[in-house]
Amino acid sequence: MDKQYDEQYFEERYTTSINDGAVDPSSYEPVTNQVPLEPPVVQHVPVSANNGSSPALLDSQSSDQFRRRWSDIQGKFVDDPRTAVQQADSLVSEVIDQLTQMFAKEHAHWRASGIRAVMSLRKICVWPCSITVPFSIAW
Amino acid sequence: MNTTYIIIAVVLLLVILFALVVPVTRRKRSDHYHERFGPEYDHTVQNLGDEKKAQNDLDERIRHVEALDIRPLPVNERQHYLAEWNAVQSQFVDEPGQAAVQADRLIMEVMQARAYPVADFEQRAADISVSYPALVSNYRAARQIAIKNESHQASTEELRQALIYYRSLFEELLSTEPEAVKEK
């Protein structure tokens, strides 16, 4: 793992996910729209934890898959509420497991490459000083 | 003298025969309607207060449905309605009352698409009792819950039950031929 890889990894992992999470304020729909007015038109706005205000933690493939499984479970509720709740519980556990594993991996990665990362960050900080310091001495 | 006795004996015999045969035929007729309409027959008798009236009413229902030109749904329409049903069922977790309203609406839409007249509930139930006699009691039970739901009196469990009732009918309405025709 070289420095270039670290920077690229950092960029991909965080910059893109933060950009993905960026939201156009005009696209916000107030939650109050959920209350149907006259005539009673149902406007269902699902309220999710990740409504664009925070970066996506899972890649789109996994989150799509989880969402699909969730809506299957929700559809089953009418026929068998007990099983649906059990399945929902295991699905939530599965998501939490995946997130935990992902964080553990991230943590290990940053621990392994931490020094190099700090060095590269320091360089960015040091570079302006390296220009100004000789001047100050000369002065 | 002898002739008078014979006449009396014959009349008595006829009266006894009549008294034996009439209940049997009446019973047979009643069994026939029972077999054809199931619990709906009892419901109609109870509603109209008389077996004869109920039987006439059910005969009238059969004539009404036979005069209709009920069509099966094409595959694409069937898929469209199935997708709508799945959406309604998923909606239940978030809004059970609204999901029950939507399920009722969907039943009406499918009936309309199949060329059943959908003006009022009793007419719809009457037509369903002819085409799907086993399911009309489900439709009535779901209707009772829907009425309770209008005044926000229905519990979530009742609404869930209503959705199951509606679906039993919905699935049959989506199939190509009515239950009563399939049996023939």
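Is B:Q91 buried or exposed? I looked this up in a predicted model, where local features need pLDDT of at least 70, side-chain atom pairs count only at pLDDT 80 or more, and totals for chains, interfaces and linings use all residues. Residues are numbered from 1 along each chain as written, chains are lettered from A in the order written, and side-chain values use heavy atoms, without hydrogens or water.

**Entry: B:Q91.** I find B:Q91 buried because its relative accessible area is 17% (buried is under 20%, with a 1.4 Å probe and protein chains only). I place B:Q91 in helix α4 of chain B, residues 75–94 (helices are DSSP runs of H or I, at least four residues, numbered from the N terminus). I also checked B:Q102, eleven residues away along the chain, and its C-alpha atom lies 9.5 Å from that of B:Q91.

**Entry: chain B against chain A.** I note nine residues of chain A and 13 of chain B in the contact (heavy atoms within 4.5 Å). About 990 Å² is buried between the two chains, 56% of it on carbon and sulfur atoms; this is the accessible area (1.4 Å probe) lost on putting the two parts together, summed over both.

**Entry: salt bridge.** I count one salt bridge between chain B and chain A (a side-chain nitrogen of Lys or Arg within 4 Å of a carboxyl oxygen of Asp or Glu). A:D79 and B:R167 form a salt bridge through their side chains, at 2.4 Å from N to O.

**Entry: helices at the contact.** The most come from α4(B), with six residues.

Technical notes:
Helix = DSSP H or I, 4+ residues; strand = E, 2+ residues; numbered from the N terminus. Buried < 20%, exposed > 50% of the residue type's maximum accessible area, 1.4 Å probe, protein only.
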